[in-house]
Amino acid sequence: MPPLLHGATLRCMREVLDDHGFDTELVRGFAPGPRRRLLIDDIASCFPSLSRRFLILARKRPVA
């Protein structure tokens, strides 16, 4: 059976980062690729959880 590949959701990525000791600082949504941008991509970019792709800036929690 071939490997199953899928894109992770924003919620999933935040949970993984939290489990590994990171705090989410900033999240931005965007639509990748040099192609004509659709109106829906522009609107979804304002809401990272609806975007086709997202960037996450996270910081490692200080060890107490």
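**A network of salt bridges.** Asp18, Asp23 and Arg61 are linked to one another in a network of salt bridges. A salt bridge is counted when a side-chain nitrogen of Lys or Arg lies within 4 Å of a carboxyl oxygen of Asp or Glu. By this rule, the count comes to four salt bridges. The model is a predicted one, in which local features need pLDDT of at least 70 and side-chain atom pairs count only at pLDDT 80 or more, whereas totals for chains, interfaces and linings use all residues. Residues are numbered from 1 along each chain as its sequence is written, and side-chain values use heavy atoms, with hydrogens and water left out.

**The pair Asp23 and Arg61.** The side chains of Asp23 and Arg61 form a salt bridge with an N to O distance of 2.8 Å. Asp23 belongs to strand S1 (residues 22–30) and Arg61 to the segment after strand S2 (53–60), so this pair ties together parts that are 38 residues apart in sequence. Helices (H or I, at least four residues) and strands (E, at least two) are DSSP runs, numbered from the N terminus. Asp23 counts as partly exposed because its relative accessibility is 33%. Arg61 also counts as partly exposed, at 30% relative accessibility. In these terms, buried means under 20% relative accessible area, exposed means over 50%, and partly exposed lies in between (1.4 Å probe, protein chains only).

**The pair Arg59 and Glu25.** Arg59 and Glu25 form a salt bridge in which the closest N and O atoms are 3.7 Å apart. This pair links distant parts of the chain, with Arg59 in strand S2 and Glu25 in strand S1, 34 residues apart. Arg59 counts as exposed because its relative accessibility is 54%. Glu25 is partly exposed, with a relative accessible area of 44%.

**The surroundings of Arg59.** Leaving aside neighbours within four places in sequence, Arg59 is in contact with Gly21, Phe22, Asp23 and Glu25. Contact here means heavy atoms within 4.5 Å. The C-alpha atoms of Arg59 and Leu26 are separated by 9.7 Å, while these two residues are 33 residues apart along the chain.

**A salt bridge within a helix.** The side chains of Glu15 and Arg11 meet in a salt bridge, with 3.2 Å from N to O. Both residues lie in helix H1 (residues 10–19), where Glu15 and Arg11 are four residues apart, about one turn of the helix. Is Arg11 buried or exposed? Arg11 counts as exposed because its relative accessibility is 66%. Glu15, at 41% relative accessibility, counts as partly exposed.

**Lys60 and its contacts.** Lys60 is found in strand S2. Which residues does Lys60 touch, not counting residues up to four places away in sequence? Lys60 touches His20, Gly21 and Phe22. A polar atom of the Lys60 side chain lies 3.0 Å from the backbone oxygen of His20. A polar contact is a pair of N or O atoms within 3.5 Å; within protein, one must be able to donate a hydrogen and the other to accept it, and residues adjacent in sequence count only if both atoms are side-chain atoms. Lys60 and Thr24 are 36 residues apart along the chain, and their C-alpha atoms are separated by 9.0 Å.

**Ala8 and its contacts.** Ala8 is found in the segment before H1. Ala8 is partly exposed because its relative accessible area is 32%. Apart from neighbours within four places in sequence, Ala8 is in contact with Met13 and Phe54. Ala8 and Arg53 are 45 residues apart in sequence, and the distance between them, C-alpha to C-alpha, is 9.4 Å.

**The protein as a whole.** The protein has two helices and two strands, which follow the pattern α-β-α-β when read along the sequence. Of the 64 residues in the protein, 17% are buried. Among contacts between residues at least 6 apart in sequence, 61% join residues at least 24 apart. The accessible surface of the protein comes to about 5600 Å², and 62% of this surface belongs to carbon and sulfur atoms. Accessible areas come from the Shrake-Rupley method with a 1.4 Å probe; for residues, only the protein chains shown count as cover.
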